[in-house]
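Here are a few friendly notes to read alongside the model. Take them in order, with the structure open beside you.

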Amino acid sequence: MAIASDRAGLQKTLAVEFPDYASLSNPLPLTAKDIQALLSADEAMVLYSVVDKRSYVVAITRESVDWKEIPLGANDLAQKLSAFRRGLDVGKARDASGKSGLFDLALADELYVALLGPVEALTKEKRSLLLVPSGALTALPFHLLVTKKPQAAIPDTLEGYRSAAWLLRRQAVAMLPSVVSLKSLRAFVRKDQGAKPMTGFGDPVFNPSEAMPADRRATSAKVAARSLAAVAYTDFWRGAGVDRARLSQALPPLPDTADELNAVAKDVGAAEADIHLGRDASETTLKRAALAQYSIVYFATHGLVAGDVKGLGEPSLALSIPDQPSELDDGLLTASEVAQLKLNADWVVLSACNTIAGDKPGAEALSGLARSFFYAGARALLVSHWAVDSEAATRLTTSTFELLKNEPEIGRAEALRRAMLAYLDDASSPRNAYPAIWAPFVLIGEGSQR
């Protein structure tokens with residue numbers, strides 16, 4: 001009876017993410033066999049349902065299906081996730097920082113045991129994991145889970161992080177916005193073969209009153225983070241809105257994003273006219289462009305999380321700030337504006353900060369910018385989990401696209417995996433081993449099937 005009760009509870013709590021799969025045993029429009037038919041032999045789908053007192057994990061492979069209860073409810077997971085993410089600060093990636101606040105490998109292993117351990121028998125040998133998280137778990141970078149107990153929770157040196165048993169060393173990881181999304185991703189075949197490869201927006205001008213020559217911009221911001229993490233956000237509040245003049249003065253320029261976009265454009269064969277830099281990287285340019293003709297839509301700029309700037313109630317991307325703000329163009333592309341775009345993109349790249357975040361502080365991830373781009377017509381997203389080191393963002397994204405150019409059959413999740421591991425294993429600097437530097441990005445919506 002207890003098992004039946006648990007199964008009934010599981011069916012009920014899975015209703016949101018498993019909308020037409022009310023029973024794990026009865027044949028319905030979406031059955032385990034339907035999902036198994038969509039998976040390749042080297043893939044596993046892992047679905048989570050987080051409720052008040054407990055959670056559930058369901059693992060599906062081509063060969064088998066299993067589900068287990070996790071003895072952690074919503075509050076427990078939220079607290080553990082908060083502690084887990086505390087060490088993911090690029091400012092802590094320095095040798096003299098001491099151990100206070102650094103990334104906790106023991107907690108990363110504890111979460112692996114709790115979340116993937118119960119279904120390890122099904123998932124461990126698969127090359128790729130497709131994850132469908134819910135609740136607080138949408139803010140978990142699963143690729144940073146540790147699959148073996150570490151020698152120390154916090155290594156004595158930053159180099160010590162290199163030898164951790166990161167899940168990413170074993171498997172490529174991608175997230176899905178829902179279970180049923182995999183069906184549409186796998187079924188979609190782009191019909192307009194004449195689509196243009198890519199359009200991109202980067203190196204925006206944030207302070208139009210102080211235009212800087214390129215060499216000065218490069219000197220001033222080579223190591224900027226793509227966020228406002230160190231700024232007093234309330235300084236930008238004026239009356240009933242955001243003081244964009246002060247905001248523009250506080251946003252550091254990002255000249256390396258021009259190099260990033262140009263390098264990726266070269267790899268995918270994009271035309272120079274489709275890459276919009278400087279003042280041309282504006283809302284006006286974006287909203288007037290025929291975006292549906294591009295396979296890749298790429299943003300390399302600052303990301304603002306909801307609540308970062310008082311008076312800004314939703315996450316946004318910072319584009320070039322105009323001399324005279326208007327309803328069409330005020331320099332901030334908000335999530336609600338994104339949802340009104342018309343895309344037909346195989347991939348949207350958000351090379352900015354915390355672009356997976358929700359639309360208000362503490363909200364479930366995927367409900368902000370990322371969700372809005374799916375509404376607009378994106379089929380896959382590259383997003384970030386925290387404030388990205390700008391130089392690292394450039395290196396990771398350009399490396400990912402270069403790998404795909406050379407080996408397109410490996411898929412986007414595997415290309416991202418290899419790019420991150422190459423960064424992690426680069427011993428030229430101790431900070432390269434710190435997870436906040438090499439692991440900020442995650443792929444949502446990988447649809448390729450090898």
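1. You will find Ser-100 in the loop between α3 (74–85) and α4 (105–115).

2. For contrast, is Thr-123 buried or exposed? With a relative accessible area of 2%, Thr-123 is buried. Thr-123 belongs to helix α5 (residues 120–123). Leaving aside residues up to four places away in sequence, Thr-123 touches Ala-44, Val-46, Ala-59, Leu-129 and Gln-171.

3. Now a word on confidence, since this is a predicted model. The average pLDDT of the protein chain is 81, and 76% of the residues score at least 70. Over residues 1–29 the pLDDT stays under 50, and the model has 43 contacts beyond four places in sequence for them. Residues 213–223 also have a pLDDT below 50, with 17 contacts in the model beyond near neighbours in sequence.

4. Of its 450 residues, 56% count as buried. Taking the contacts between residues at least 6 apart in sequence, 76% join residues at least 24 apart.

5. In what order do the eleven strands of the open sheet come? The order is β3-β2-β1-β4-β5-β16-β15-β14-β10-β6-β9, and the pairing is mixed. At the edges are β3 (65–70) and β9 (275–278), each of which pairs on one side only. On average, neighbouring strands of this sheet are turned by 20° against each other, ignoring direction.

6. Strand β2 (residues 55–61) pairs with β3 in the antiparallel sense, over six bridges. A hairpin of three residues joins β2 to β3. Within this pair, Val-57 stands opposite Lys-68 in β3.

7. Elsewhere in the sheet, strand β14 (residues 347–351) and strand β15 (residues 381–384) run parallel and are joined by two bridges. Val-348 has Leu-381 of β15 as its bridge partner. Helix α13 (residues 369–376) packs on the sheet, where it touches β10 (294–300), β14, β15 and β16 (441–444), and its direction makes about 165° with that of β15. Helix α14 (residues 390–406) lies across β10, β14, β15 and β16, and runs at about 155° to β14.

8. Finally, follow α14 to its helix partner. Helix α10 (residues 256–268) packs with α14 at an angle of about 5°, and their axes are 9 Å apart. Because angles under 35 degrees count as roughly parallel, α10 is roughly parallel to α14. From α10, the contact is made by Asp-256, Glu-260, Ala-263, Val-264, Asp-267 and Val-268. The residues on the α14 side include Ser-390, Ala-393, Thr-397, Phe-401 and Lys-405. Which kinds of residue make up the contact of α10 with α14? Five are nonpolar, four polar and six charged.

Definitions and conventions: Residues are numbered from 1 along each chain as its sequence is written. This is a predicted model: local features need pLDDT of at least 70, side-chain atom pairs count only at pLDDT 80 or more; totals for chains, interfaces and linings use all residues. Side-chain values use heavy atoms; hydrogens and water are left out. Two strands pair if DSSP finds at least two bridges between them. Helices (H or I, at least four residues) and strands (E, at least two) are DSSP runs, numbered from the N terminus. Axes are lines fitted to C-alpha atoms, for helices over the stretch in contact, and angles run from 0 to 180 degrees between N-to-C directions. Contact means heavy atoms within 4.5 Å. pLDDT is the predictor's confidence in each residue, from 0 to 100. Angles under 35 degrees count as roughly parallel, over 145 as roughly antiparallel, 65 to 115 as roughly perpendicular and the rest as oblique. Ala, Val, Leu, Ile, Met, Phe, Trp, Tyr, Cys and Pro count as nonpolar, Asp, Glu, Lys and Arg as charged, and the others, Gly among them, as polar. Buried means under 20% relative accessible area, exposed over 50%, partly exposed in between (1.4 Å probe, protein chains only).
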